[in-house]
Amino acid sequence: FTLKNHLRKAIEFDEFLLHFQPRINSQTEEIVGVEALLRWYHPTFGHVPPNEFIPVAEEDGQIITIGEWVLDRACEQNKQWQVLGLPPIKMSVNFSVLQFLKRDLVEIVRATLDKHKLEPIWLEIEITESAVLENNPYILDTIMKLQGMGITIALDDFGTGYSSLSYLRKYKIDTLKIDRSFVMGIPQEAESFEITKTIISLAQALKMNIVAEGVETAEQLKALSEVDCNEIQGYFYSKPLPALQMEEMLRGKTIKR
Ligand code: G
Ligand code: G
Ligand code: MN
Ligand code: NA
């Protein structure tokens with residue numbers, strides 16, 4: 001057994017599925033978007049967490065195929081919800097930086113949106129900061145092409161990565177997602193809260209949308225709302241849910257907790 005070999009069969013054997021976690025407007029408590037999160041259920045190993053298999057998929061290049069599968073299903077699902085007459089929301093999809101290094105990414109994304117007749121404004125691509133992102137004119141060009149199509153780009157796990165600030169000058173990022181390691185310390189840890197407030201001010205000054213990740217408590221929500229964090233994601237509202245449960249939540253539009 002190697003994880004890598006089983007992973008290679010996971011699409012064919014239909015072992016992947018997507019869960020969806022809502023993103024909530026902190027003022028109106030409306031669901032403004034969902035993040036698609038990949039799940040792998042193997043018949044003998046059971047649930048394998050993405051933190052275990054994504055690095056393996058990145059190591060041997062499978063992340064390209066898997067990433068295309070995720071994008072396809074996420075767009076299909078978002079369109080399906082629109083066809084059902086649910087309030088339109090942004091679908092956020094995590095992309096590995098390796099996907100950005102593939103020459104045909106822009107064409108794949110365009111073809112996937114066309115296939116499902118999904119307008120680009122309903123898709124956001126999340127990318128984690130990395131050294132590769134930092135100094136790569138090709139990635140910069142790809143991000144600009146995607147944005148030119150109307151897709152938005154989010155910087156995930158913001159604040160934990162390598163040299164966060166220098167490329168905010170180069171790239172016109174639409175959304176910053178404050179990493180949950182900062183949110184965890186709110187409000188009791190002064191340092192975490194100060195850093196969070198600084199990230200929020202930065203996002204506001206640069207006209208970026210801001211999302212706090214990993215919000216678990218009413219205290220965190222209150223503190224973040226008071227400093228005008230516009231969007232909230234985390235267990236306080238909802239853990240990532242299977243499609244049908246997410247659909248039921250969307251029927252309610254405003255989140256019930
Ligand atoms: O919530 P969760 O345990 O699912 O996510 C763990 C990690 O796996 C997160 O860093 C998340 O960004 C990543 N992840 C989840 N789904 C995907 C995906 O479809 N593609 C990539 N590249 N990463 C994902
Ligand atoms: O790296 P990325 O931000 O894509 O990772 C999302 C991960 O965070 C997923 O594994 C998701 O299940 C997890 N997550 C989402 N909300 C919470 C939360 O409130 N608390 C904790 N501990 N994890 C969360
Ligand atoms: Mn993410
Ligand atoms: Na994150």
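Helices (DSSP runs of H or I, at least four residues) and strands (runs of E, at least two) are numbered from the N terminus. This is a predicted model, in which local features need pLDDT of at least 70 and side-chain atom pairs count only at pLDDT 80 or more, while totals for chains, interfaces and linings use all residues. Residues are numbered from 1 along each chain as its sequence is written, and chains are lettered from A and ligands numbered from 1 in the order in which they are written.

**View 1. Helix α3 and the glycine after it.** The 22 residues of α3 reach 32 Å from the first C-alpha to the last, close to the 32 Å expected at 1.5 Å a residue, where the expected span is 1.5 Å times one less than the number of residues. Following α3 comes G85, with a positive phi near 85 degrees.

**View 2. The largest nonpolar core.** A nonpolar core is a set of buried Ala, Val, Leu, Ile, Met, Phe, Trp, Tyr and Cys residues joined through C-beta atoms within 7 Å; a residue is buried if 20 or more other C-beta atoms, placed from the backbone, lie within 10 Å of its own, exposed if 12 or fewer, and partly exposed in between. Among the 61 residues of this core, M91, V93, L123, L176 and I178 touch the most other members, and helix α3 (residues 62-83) gives the most to the core, with six residues.

**View 3. Two loop residues with positive phi.** D14, in the loop between α1 (3-9) and β1 (16-25), has a positive phi of about 60 degrees although it is not a glycine, and counts as exposed because it has 9 C-beta neighbours inside 10 Å. D228, in the loop between α11 (218-226) and β9 (231-233), has a positive phi near 60 degrees.
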